[in-house]
Amino acid sequence: MSKKRVVILGGGIGGLSAAHELAGTFEVHVYEAGPALGGKARSQFKAGTGARPRRDLPGEHGFRFFPAFYKHVIDTMARTPRPGGGSVSDNLVGCTEMAIAERDRGPQVLPRRRPESIGDFFRIVDAVESFFAGSDVTAGDIARFGSKMLAFMCSCDERRLGEHERMSFWDFVEGPRYSRRFQAYVNSSRFMVAMDAQRGSARTIAAKALQILLDFQRPAGANDRVLNGPTTLQWLDPWEQHLRSQGVEFHLGKPLIDFELDGERIRAARVEGVPAAVSADYFVLALPLERAGACIDEAMMAADPSLGRLRGALDMTSWMSGAQFYLRRDVPICKGHVAYADSPWALSSISQAQFWAPAGGPFGERYGDGQVNGVLSVDVCVWDQPGRFTRKTAAECMSAEEVLTEVWRQLQDSLNGTGLVLRDEDLADWRLDDNIEFGPNGARNHTPLLVHPPGSWFRRPRAETRIKNLVLASDYVQTTTDLATMEGANEAARMAANVIFAREGLATRAALFPIEERTGPLVKIAKRLDAQAWELGQEPLVDFSQPAELTLEEAKAEQNQLEARLRQAAARSELSS
């Protein structure tokens, strides 16, 4: 019997993940608008910079990192063979440090510590204290933030969705009540997993902050990982090769125009560069938010009103783009990521060469002209605020060089506070994300990022649609990951594949790994008690509000009292059973 045909529109992480799950069971075709696969994850090599046998200097839309709570994408990597043996998940290496860099202070390295076992109750105030050990964060700021995270940790899922989803993280933690330094830390893109505390929902950001704190229970190097080379070489190329071996057919340079709807089904897709309409038994829409909405027409919205949310949804996006600074000498600031807490453009960086050397020798022997020995990869996360050395915002700059000059100076200003870390003579070359285009009115970003503003969960569609042969596989889909990341796109793709399997009556299912908060059995009791309070319209188990001044000793005492109450509740429950 011939296999049923699935057409996937979009060859980014969502589309490739869907192809991975569906290959073998179905005839799978992937249509990608660009000349290569991978979407925002694809490496961007700077043409003409490599002297044979070296490759051109490698760049990225933004550096890739894989926190410990990533499960779906790691599972896919583990099922993707690596040339020479093993799987591409073997190309992940651990970061053992992180750092916070500030003007006039330079980088403060925060080693990844492994505290005591969680036991019955995750002592989150202590975890926050441990997280900031070695920094200049005040005890009062640690106390307030730790108490807020304690309240969130003990909140039931219903309260998180009904209350926390509707407010910003900044409002939830009462941002204005912290010191200016800690306000900068809360807004730091690395600490908050590339999210804006003032624009992102409390539910999304607090859940990820909790995961980061829980990840400290893992051995150093297992809680934050990066690839040991450019994303395309270490992951995407082997992935494409594997999918082709499984029968997946790729059609590059073929962007989706729109769909032809016939009642409750998609009859065909119109694709640029393909003379005849593309027919299939199932269609997987795996385009990013800004492109998916443009392909949805009135008829499709009438068939499934949730699809209308994809149109005009750019208010849920912001800019985060990468820049690379190629250095004549390697400058490994720390063995992990650096957050520039007081940078006007919310910079974060990683010194990549130190993680790449084991994969094939020194950086200078493999890339460029032999004069480049290191690369500082930077994410620029705020594009609508004036710079420190220019009055323009990043979006108002008229060229990549203008943006890169300001970013370089901001890096130097934060890193050189206590000594000369980054010198002008170190800089050999630079580049900015290819998706940033400049014109008479400044910059335009062709690949904005979903930032999860308050209430956005209710605007995002599910993977399953009311159109019987259309599913969605992108990072804007409602997932347990609830974050615009490779992990979110991969989980959405698995959910989409499972809809197809179910509609075909097949027992096959793509594995799903819902995020677990392993905070101990007493916290489960706390959440159950809070669920009862929520249902009755009562105040939360742990009060969100805090006194004007809260000492660290008072915060820990509050935590201890709560733990004691929960132990009593657990004992009563055991007696009654």
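Q: Is Asp482 buried or exposed?
A: In this predicted model, Asp482 counts as buried because its relative accessibility is 3%, and the cut-off for buried is under 20%.

Q: Okay, and where is Asp482 found?
A: Look in the loop between strand 21 (470-472) and helix 15 (486-503).

Q: What about the phi of Asp482?
A: Asp482 has a positive phi, about 50 degrees, although it is not a glycine.

Q: Which residue other than glycine also has a positive phi, near 50 degrees?
A: That would be Ala346. You can find Ala346 in the loop between strand 14 (336-340) and strand 15 (347-351).

Q: And is Ala346 buried or exposed?
A: Ala346 is buried, with a relative accessible area of 13%.

Q: New topic! What kind of peptide bond runs from Arg52 to Pro53?
A: A cis one, with omega near 10 degrees.

Q: Where does Pro53 sit?
A: Pro53 is in the loop between strand 2 (27-32) and strand 3 (66-67).

Q: Now helices. How many residues of helix 8 are buried?
A: 14 of the 14, so helix 8 is largely enclosed by the rest of the structure.

Q: What span should helix 8 have, and how far apart are its end C-alpha atoms?
A: Helix 8 covers residues 202-215, and at 1.5 Å a residue it should span 20 Å.

Note on methods. Residues numbered from 1 in each chain as written. Predicted model: local features only at pLDDT ≥ 70, side-chain atom pairs only at ≥ 80, totals over all residues. Heavy atoms only, no water. Helix = DSSP H or I, 4+ residues; strand = E, 2+ residues; numbered from the N terminus. Buried < 20%, exposed > 50% of the residue type's maximum accessible area, 1.4 Å probe, protein only. Expected span 1.5 Å × (residues − 1).
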